[in-house]
Each structure stands twice: as C-alpha cells, then as structure tokens.
Amino acid sequence: MDLEQFRRIQSRRKFFKECAGGIGTIALAQMLEREGRAAGVEQNPLTPRKPHFKPKAKNVIFMFMEGGPSQIDLFDPKPELQKWHGKPLPAELTKDLRLAFTKPNAAVLGSPRVFTPHGKSGIEFSDFIPNIGSCADDLCLVRSMYTDAFNHHPGQLMLFGGSIQVGRPTMGAWVLYGLGSESQNLPGFVVLSSGVGTSGGSSNWSSGYLPSTYQGVVFRSSGDPVLYLSNPPGITREMERAQLDTLKDLNEEHLASTGDMEIASRISSYELGFRMQMAAPELSDFSKETPETLAMYGVNEEPTRQFATNCLLARRMVERGVRFVMLNHASWDDHTDLNKKLKTHCDTADKPTAALIKDLKQRGLLEDTLVVWGGEFGRTPMCEIRNPRDANNAGRDHHPLAYSLFLAGGGIKGGQVIGKTDDLCMNVVEDKVHVHDLQATLLHCLGLDHTRLTVPHMGRDFRLTDVAGNLVPKMLA
Amino acid sequence: MLCGALACLLAWTPARAADATLPPPAKIKVEFTRDIEPLLTKRCLVCHGAQQQMSGLRLDQKAAALKGGASGADILPGKSAESRLILLVAGVEKKVMPPAGAHLTAEEVGLLRAWIDQGVQWTERAPHWSFQKIQHPAPPAVSNSKWARNAVDNFILARLEKEGIAPSAEAGKLTLLRRVSLDLTGLPPTAEEVSAFLNDTRPDAYERTVDQLLASPHYGEKWARYWLDQARYADSDGYEKDRSRPWAWRYRHWLIDAINRDLPFDQFTIQQLAGDLLPNRNMDTLVATGFNRNTLTNREGGTDPEQFRDEQVLDRAATLGTVWMGLTVGCAQCHNHKYDPISQKEFYQLSAYFNTQEETNIQAPLPGELGPYLAARPEFDRKRKALLEEYKIPEAMADYEAKLRESALHPGTHDDWDFAYGEFTHTVDNARKVLLMDPAKRSELQQTAMLDVFLGSCGNLYPKEHCDDLKVKDVRTKLNELIAKLPPVSYAPVLLENDAPPKAYIHIKGDWREHGEEVKPGTLASLPPLPAGDTGRLGLARWLVSPEHPLTSRVAVNRIWQEIFGRGIVLTSEDFGTQGDRPTHPELLDWLASEFMQRGWSSKQMVRLLVTSATYRQASNARPELAAKDPDNTLYARQSRLRLPAELIRDGALSAAGLLDLRIGGKSVRPPQPKGVAELSYGGSVKWEESTGSDRYRRGLYILFQRTVPYPQLMTFDAPSASLACTRRERTDTPLQALNLLNDPVFFEAAQGLALRIMHEASGGFRERLNYAYAITLGRAPTAHEAERMGKYFDETRSTLQKTHDTIAALFPNQLEGTPQAETAAWVELSRVLLNLDEFITRD
C-alpha cells in the first residue's frame, strides 16, 4: 500500500485529525457510549466534550490551602471560646474524639482575631484577611465543611481523590476526563505551587487509573515552565521546525508501511508539543499586563510575589482555555505559634486571592470559572502546645469535624454563608457539607452528574465521590 | 438465630396451614432464571447460600434446596400451600423469613408459589468460567496445518479459519529479531547480533536466537519489571514523609535472579508469600518475602500506626487476589462482593494470613560482602562502644527510653513526652514492641534503630540545651565516619511471623476501628478446599499453586501472553471475575494453563513456546480489510505494534548511544533530573542526589522510585504509581512525551553519544554512516526514500550550523580529528530525529 492510497483510506475514516490518543481512548469511548455522549466525539481523549447537562462554569481554579487554615481565626468567629480559654471543653463535646496530636481534654484557645462584617451581605471575616473580606458579596462561605480524615495526606487524598486510598484519579483528572480540554496548545490540567511541597505531592493531581493523559501537569516556577519545554541550548525554533518536519516525514512513511494509526497520533503529539513551546512562555510573559494589574495581585513585591504570580498565571490560563488550575499554597499547618504564623500566611495569600477574584470578575471570566479556596480540614478550638517551655507558641491541631472554605464564580450564589458550627466550633450543627458533597457540587457546576462520571476499574465503576456525595443546592446561583 | 429458626420449623404442622391466608400463586408460567433466581439471590442466599447454610438449608442448588434443612423438606413440589418455605415467607407463622429487611410482597410470594406448584423448575448454573477446573483441550485441527508451528497456532488458526481470515505473512527477519530481543531482554539487538542472525541460514536460526536470549542475564531484568509492577515496588514509603527505603532493591535483586534461573512459578509463589515458613528456609527464601514489604507506610505525625499496619495487611490480601487469582477480593473490604462469590468474611479470612506477619530487616549480604565485613566488625564494635561511652550516651539513652516507656504505658501524663513518643512510633519499625522489650534481647538492628532515633530526635523529648550538652551532633558525625569505614553489607526487608500476633476481625463497613466477628485464616468457599493439615501462610501458598486451583495458572499464563502480545487472552488481566472480560480464546488459555503446570511451572518454557509460534512471528502491519471486523486484533491475524514501556525507551536510547551500563542488579540509581522535581516533596524533604559515573546510565529498571515525586520520564510514559498492584500499563501518547524525548538532557546526551558512535565506528560517506546509524537504532537499513530525506535534512542542518558557531559547540563540544565540527553537530541533530522516531520507541 503506498502512502497516497493509505491517506485516502484514512481520510475516509476521519481518523487522522488530531488523534493524540493511545489506548486510553478505549476507556473513554466506553464511558461516553454508556453515558450516551458518544455521538460526534473524535478519538482524541482531550477533545472538548459536552457535559451531561448545561453547565454554569467551564473552568475551575482550586486554590488549595494545604495544611488546614484555621477557620476559627479566619472565617468562623467564636466569641464563646474566649470564655473557655485555658479550660478543657465540656466532656460531652469531646467524647470519642480522636485527633492527630492533641488530647481531647486539651485547653481551649480563644482567638484574638477581630471579625468585621463586609459588603452588602455583611459576612464576617477576620482582620487578617481584609482583602478576601472585600470580595464578600461574591463569595459563598461554607462554615459547615467536614471530612473523614484527620491527617494531611489521607485528608488530601479524600479531598482530591474522594477516598483515603492512594491510587484513585483526582479531581482535576476527573474534570479533564469528563470535559476534555478547550486549549489546543496548553495542558488541560495544570498544577501551580507556592510555599513548600505538600503532604500529598503528586498523588493530589494523579490520574490514578485514568490514562496518564489526564494527570496534572506541573507548571514550574523556575526553569522550564513545563518540564523539558526548552530546546537544548543553541537549537532555534527554525532548526526545531526542520527537525520536526523530517521526523514527521519519516513517521508518515512508517505509517504508510505499517498502517498503524498510533503513528498518526504520535505525529500530532509532536505538533502539539511544538505549539506548547510557544504558548507556555507566552503565558508566563506578564509584559502586557498593566502596572495596575500587577500591583493589584502584588506580583512585584514581597511577601506576595510567589503566590501572586501563580494567581495571575491562573487567570491567564483560564483565559487560554485551561480547564482545571490547581493552585497549591503550603503550608497552613500551624501546630505552633499560630498567631504569628497565620499572619504571615495571610499576608502572603490574602491580597493575591482577592485580586484574582476581582480580576476574573472585571474581565467577565468569573461567571465561567468556579473558584474554590480551602484546605483538607480545619483546626481545633483546643490549643496544642508542642513546647511547654514556651507558653507563647500555642497552635491548633487538625480538625476534620468542622471547618470552612469558600467558593465563588460560575454557578455559585455569592454573598451568602452556608452552615453553622456550635459555639465552640467543635461540630457542625446546620447544613453539614462533606467533602464528597463539595465534589458533587463542583462537578454539577461544570454540568457533570457525579454519579454518572465513572470509570470502570477492577470490576466496578469508580467515581470521584466514591459511593457518597450529595449536591448542595444552597450553594447554587 | 439458628435455634430460633429451628424452633419455628419444628413447631410447624401442616394442619395449621391456612391456604386462605396465603397470597395466591401467580398466574403465569414461571421462569426460574427470570422470576425466581434473582429473588432467592437477593433475599435468601446471604443465609442459605454457598457462604453459610442457616438451619442447614441451602437454596442455591436444586438438590440441596429440595432436600431441605435441619428438619426436612421445606419445598414440596406441586404443593406450595404446604411448603414450609411459603408459610415462612408469607408471614402466616410466628416466625417470618427473611428475618431482616422488608417482608416479601404478595407478588413475590405468589411467584414462589407458582414455581413450586409448577414443579420446581430449576436451571443449574455452571460456575463462572474461571472457577471451573482447568481443562487440557486437544489442539484443534486446522486446514492450513503447514502454517502452525506449535499448538498455540492451532488454536489461533482454527478461529481465524472459522472467521475466514488468513493469518499475516511472517515478519521480516530484521523486524523479528528486534521484536524478540526487545520482548525477551528489553534491549535492541546489537549490530553484531543483527549481522550474525542475517548470516545464519540454518533452519532453526530463529529458535537458536530465542534460546540465547532466554539465557541472557538481561532476560531477568526485562521480565522482572512486569512483576515489580504487580509487587507495587518502590524505593520509598509513600505518603507524606515518603521516607527512603534503602534496602528495597534487595528484593528486586532476588527477583531478577529468580527469573534468570527460571525458578518454577510454584516455588516462586511459595517463596514470596511464605519463604519464611519453609522447612528449608534460607536467606534467599527470606529475601523473597520482600514482595509484600512493598506496601506503603504512613509515618505522618499524629497518625495511628495500627491503622496503617492494618491497611498494609488488607493490601497484602487484595494484592494476593489481584496478582495470583485475578480476583478483586479487595472489593469485599466493606461488604460482600457485589458480583463475585467472595464474602466480606472471606476477605478478612484471607487477610488474616497476613495479620500475623511482622516487618523486619535482615542482613542479606551479596556474594563477597560478608568476609571483609566480618573481618572489620570487631574493631568497629570496639571503637563504637568507646565512642558512645566517651559521650555518656548509654546513660542518656536509658533516661530517654524510660521516659518513652512511661509515655507508652501511661499516655496523657506527660504531654511533651507524648509527642516525642508519637514521633518515635513513626520512626522505628515495631516501635512499641522494641521499646518495651528487654534491651538485652534486642537484635542488632533494633539496637541501632534505638540509637539512631535518640541521636536524631533527642530534641523532641529534651530541651535543645540538653542535647547540645550531650553533643549528639558530634556523636552522629563520628559514628557516621566509623560506619563509612566499615565494609558494606546489604540488608533486606522481609516479613516474619510475629511472636505475639494480633487477632484478626471483620471490619464493619471496612472501618478498621469497628471490629466485627473474629476470623481465622481461610480461603474462599467457591474455590477448592485447602489441603488437609496445611494451615497457615505456607498452606495458602501451596493451595494457590495446587493443580486443582482453577485461577493461578490461568492468571499467570495470561500475563505472560499479555507481555508478549500486548493484551491478555483475558483483557482484564487483573479481573477474572464476572465483571472482567471473557477470554477471547478460552480453550487456548486452558491449554496454556495446563501446559504451564505440566512443564513444571517453567515460565521460560512458556515464553519460548509463545515466541516461537507462527502467531508471534507474523508481521504487525495493519490490515485495513480487518479494521472493522477486528479493530483490536483480538483474533491475532497479525502481530501488534506496541509502544515500549518507559524503562525500555530509556534503555534503547542509552544503548544506541553506547552509554548503557549493563551491570545486573544492585542498588537503585538517580539519573539526572531537573531541579524543582524533588523539591515538590513534602516540605522539599526529598533530596535527589544524582548518581555519578556509569550509574547515571543504568537501565530504567534501576531508577530509584520515590513515590511522592517519581522520576518524570517514568511517569510521562505510563509507569504505575506503585501504590497498588498494577497488572497492565496504559500506553498513552501525549505531547509531554514528545517534549521529554526531544529535550530531556538524558536523551540529548544519548543523541550526542549516538553521533559520536556514528563518527567513530562507521567510516565512509554520509550514506555509509546513515546505514550504520539505522542499524544500531532500528536494526535495519534505511529505505531509499528515508535516506534521501535524511540526506536533505543533514545537508540543511550542516549549512545552518556553519553559520552559528555557538550552536555547534553546544551540540557537540569536541573537535574530532579529521571531521569538521559542524558535521558532527549535524549528526547529533540527525541522531535526535532517529531517537524520536515512532519506530524507535515501538516494538514492531
């Protein structure tokens, strides 16, 4: 069979176009077929796909505050704790309580923070996060989050993989699997990190048993933004093009002799890599951003520089069709010296967070973008004292039973508070929201039914929300 | 419950039956599989099925159902109104069945009545195919008997002939050599091997080559990798701390050797699962138990060590199911398996075998290590003792241990000690046990661990000043100096029986804190019974490889087939249960499974059988006329082109470059990787110290696998994450792979090496050199068109380069005698094209 004949056959089959696929497409095709979404879908596992129903949001920016920010000192004012300060909690509240480091009978730590109402909605935020407070009317603050795990890595696996078991696909991978990518020259699921490395590491953005096509691509803060993006020293774009053209011709010749469509797929992967080499540096080139924008985020100043850069990158990615941006910021794990450390974290994160929300809004991007800000769990009302010889170093332990996070943007009803905790912030007393419920709601905003977004593995269908999860209608606009 | 039900049945007398109070029989012709079987399965079989038979009644088999329970027949064919079964489910008696959940509806009772009145029609269902005894079918006759080289071909061809499809022609000699070399050793043939094979005109030249490859020590490396995937092998703990496992490689070392000497698969199984219990156990069989040391370990502060010990135990049972039986037994962790005959209790019975094991490390010297080590020990011991005494460490440790013991025995009395104790439990293996045992009875490794934890985390328990006074840092430094001088000896992570094993319980809803019934080790009722008297883990391992076991051999040969043909006869090689795929060639699978056992479980013989078949030797070219009929090539009317796994892509490039270090076994290595990769570990704690010398160029199999921040090239090319047993890898195709091969300094260096080889080892003009380049990368000569295209590219590149001296120097910094530097640099660019060809990273 000569090349021309082969091409004729293939063009008839419409196989040839951008089928950067591989065997993972089989699972995808099966899923789409079962969900009745197969019609018109090409072989490429990243081709944009119709959701299950009309979506409110197209993209997600998940601002993951690793370690567990203290809800008591930021989002959920508890004046009652002052009265208990230095005393153990009532025994009935701490019965059967198992925490990471603290004993249930540890003394209560009142919060010295001052909370003030913000915006028309009058939601109270702590004095450490005035900028986030200024976005109050766009935020849906959930004060009634809870989770099953009280240690970091299991907690993070729960939040992103829906189970404390290692090896599951994670939220970003699920979203990419469900919707494909709008971007032709950037990865569909990008991970940005600031601060220190997280407990979960790559397991938080793993594709698990989905094809690795769906795993998060780490966008690096130094060196190549994407690993191995730059040509070797001295190789110009023109030289590279000539090389890729040669490679393409030779690959096509082999395609003609073998008839293996995987070769066509590989040819298009090299072309996409080539485009990514242009697109990624353009993405991180802030020279066209106005001084006002840069100042709003705090890109050129400390201590915001690192996180602000990532926040601005996140906006630029969403503008360019990146489906899921994961912004890791570590670590809020303040077992000791809470008052001092929390101030430092907030000074780093408060301004860029608010800038991102406002910037998305002023550009009309917020309505298509779902923003989530929060950690894997919260912190205890009791104090943890690691070093009894230093009385000023009190911190808080991990608290899975009651914590806060907020959402904004596509599909979310802003300017409201959901849920209540008891006066001592020990338990949720109203509108409990499990992390599975959060996941279900997040997928819903993207037009995906969390019970239908499944992948067959080891003889059964798996999903992000494991075997649980309920939509939280109150969150929705 | 049992007594209650009995009493109820005994109290019943037909005279009391009142037909009038029963729902009427359904007025339809009842079909057992449609109307009755689902009802029995849903409402009755939990208590009266294969797993258990309350009151002796069993309702999943016709004979047993008609026989009835402890008090006689419960089903009287034709007489539903008098059948005890109906009276009980209808609730006209004091006792109602089922005792829990909703009562049966009037319709359901009516169906049961109609079924009994119509004569108790029953369709006996054969067990699921994979639970049936393995047969040894005779290879079918075929018309084209000349084509078949061995029995495998008869099975394949018979099916093809039935479909009216002719097999493909045999692949060219060069393709075949490259294919079988890659499949057997993971390495492309050398130029010498290529020419030797081409010149060998004997009729059995191919078989001879196969035998050479099977005897190659690299065979063990290639075939170790797929087993390591199943063993979830890694060089670190996983989870947050992801601490290094410096001796994990010792298991891999054993594995490569075991595969090279073709350790029969039954022994291979027994040694890995129960090598510690063998009557003739030795260091080797102990090292084999390292298979199950590859589970993850969570040392995150504040976690409960018991929870994650428990996770390990359950993972070992789940892995046994996946790897040896192709059963998803792990699905029964929270509830009875929804699809396969595996109860929750059975899962915990299976895991109970592993519950009695304890992790420990043993000294496992490689040949040549022990002599020098032992010779140096006395002096080392003397100096070490003197050092510790000089700094008064023994006294300090006594106080340290006393405080930890206090905290272990009386938690909550000293908050500051509790934290130190918690960290201690995450640092030392079996920490509590070691701490509480008589120090004189501690093993040498345990003593060392106690000293290390004291010197390393003194500050957790004492104020900094105290540790400064003791000069713990100085002691550590001096101790490390002493250790550095001691000749090295290898250790191995193994599993032994715990002398005080914890009890095993069912976990209610899978929650490790919620203990249900206590369980003893046991297997699945749906599989053959354990040999009498064979209790314990050794019995379990022997049971797995007993000839009666329907799964083990099938699952094992299916994986061998998968490794060679790219997909299993059962596609879902991890799941032979009812949710898995059915075999495409069931008779062939059985034939292979029985042959495997008959041939003494020799894996090499099975591999040889497959790669010498005509089926294997076919060309892999697509056949457009079959694209619609057999798109996935499940009929094997041709070979398949398979993208190589991550490790082999690396090996191929380094081999072409002449850089590959071919030493077998040993420690893991850290090839260069960009800065910023390891830094993403928890708190940036993982340090990636690049290997030096030829260690940088070792095979991909030896790359250190750090679970939280794995080596990028491995992950980009679909290596598994090493958290759970992986039986088959994906073969994706992404732009990140393209960038990796184009720009990773490792591959760039390989291109430079390849260019250097071309310049050094080939003489003559461009065409001669190009021929050589093709020979050492693709094992063939370029076509005329390829040569022309490469020539054009070479000329263009050379002329571009002549204008940019800096680029020349970057591409090839050295000046070779008699060759313009621009020319060598152009060969580097051409080499990059070769190393990026789809053909280069694919087994044709």
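This is a predicted model: local features need pLDDT of at least 70, side-chain atom pairs count only at pLDDT 80 or more; totals for chains, interfaces and linings use all residues.
I started at B:Asn150, which, leaving aside neighbours within four places in sequence, is in contact with B:Leu609, B:Thr612 and B:Ser613.

Residues are numbered from 1 along each chain as its sequence is written, while chains are lettered from A and ligands numbered from 1 in the order in which they are written.

**Around B:Asn150**

B:Asn150 sits in the loop between helix H6 (106–117) and H7 of chain B. My helices (H or I, at least four residues) and strands (E, at least two) are DSSP runs, numbered from the N terminus.

The cut-offs: buried is 20 or more other C-beta atoms within 10 Å of a residue's own, exposed is 12 or fewer, and partly exposed is in between, with C-beta atoms placed from the backbone.

**Helix H7 of chain B**

Next I looked at H7(B), residues 151–163. Its 13 residues should span 18 Å at 1.5 Å a residue, and I found the end C-alpha atoms 19 Å apart, which agrees. The expected span is 1.5 Å times one less than the number of residues. Buried residues in H7(B) include B:Phe155, B:Ile156, B:Leu157 and B:Leu160, and B:Asp153 and B:Arg159 are on the buried list too. Among the elements covering them I found helix H26 (586–598) and helix H27 (603–611) of chain B. Just after H7(B), B:Gly164 takes a positive phi of about 70°.

**Helix H16 of chain B**

H16(B), residues 344–355, has twelve residues and reaches 16 Å from first C-alpha to last, close to the 16 Å expected. How many of its residues are buried? I have eleven of the twelve, so I noted it as mostly covered. The buried ones include B:Glu346, B:Phe347, B:Tyr348 and B:Phe354. The cover over them includes helix H15 (305–325), strand S1 (357–363), strand S3 (504–507), strand S4 (515–519) and helix H24 (536–544) of chain B.

**Chain B overall**

I listed 35 helices and six strands in chain B. Of its 844 residues, 50% count as buried. The C-alpha atoms fill a box of roughly 115 × 85 × 50 Å along the principal axes. Among contacts between residues at least 6 apart in sequence, 69% join residues at least 24 apart.

The domains of chain B, whose bounds come from an automatic or database domain assignment, are domain 1 (2–117), domain 2 (264–364 + 490–549), domain 3 (370–489) and domain 4 (745–843). I took the centres of domain 1 and domain 4 over C-alpha atoms and got 81 Å between them.

**Where chain B touches chain A**

I have 78 residues of chain B in contact with 70 residues of chain A. On the chain B side, the elements giving two or more residues are helices H19 (415–427), H29 (712–716), H30 (735–743), H33 (784–802), H34 (805–811) and H35 (821–836). By class, that side has 25 nonpolar, 30 polar and 23 charged residues. Here Ala, Val, Leu, Ile, Met, Phe, Trp, Tyr, Cys and Pro count as nonpolar, Asp, Glu, Lys and Arg as charged, and the others, Gly among them, as polar.

**Chain A and its strand S11**

Chain A has 14 helices and 17 strands, and 60% of its 477 residues count as buried. I picked out strand S11(A), residues 403–409: seven of its seven residues are buried, so it is largely enclosed by the rest of the structure.

Which strands pair with it? Pairing takes at least two DSSP bridges between two strands. Strand S4 (139–146) of chain A is joined to S11(A) by five bridges, antiparallel, with A:Cys140 bridged to A:Leu407. Strand S8 (369–374) of chain A is joined to S11(A) by four bridges, also antiparallel, and there A:Val371 has A:Ala408 as its bridge partner.

**Nonpolar cores**

A nonpolar core here is a set of buried Ala, Val, Leu, Ile, Met, Phe, Trp, Tyr and Cys residues joined through C-beta atoms within 7 Å. The largest has 332 residues, and A:Cys140, A:Leu327, B:Leu610 and B:Ala750 are among those with the most contacts inside it. Helix H31 (745–761) of chain B gives the most to this core, with ten residues. Apart from it I found another core, of 24 residues, including B:Ile75, B:Val89, B:Val109 and B:Ile116.

Last, I looked up A:Leu327: not counting residues up to four places away in sequence, it touches A:Ile61, A:Phe62, A:Met63, A:Phe64, A:Leu192, A:Asn310, A:Cys311 and A:Ala314.

Technical notes:
Two residues are in contact if their C-beta atoms, placed from the backbone, lie within 7 Å.
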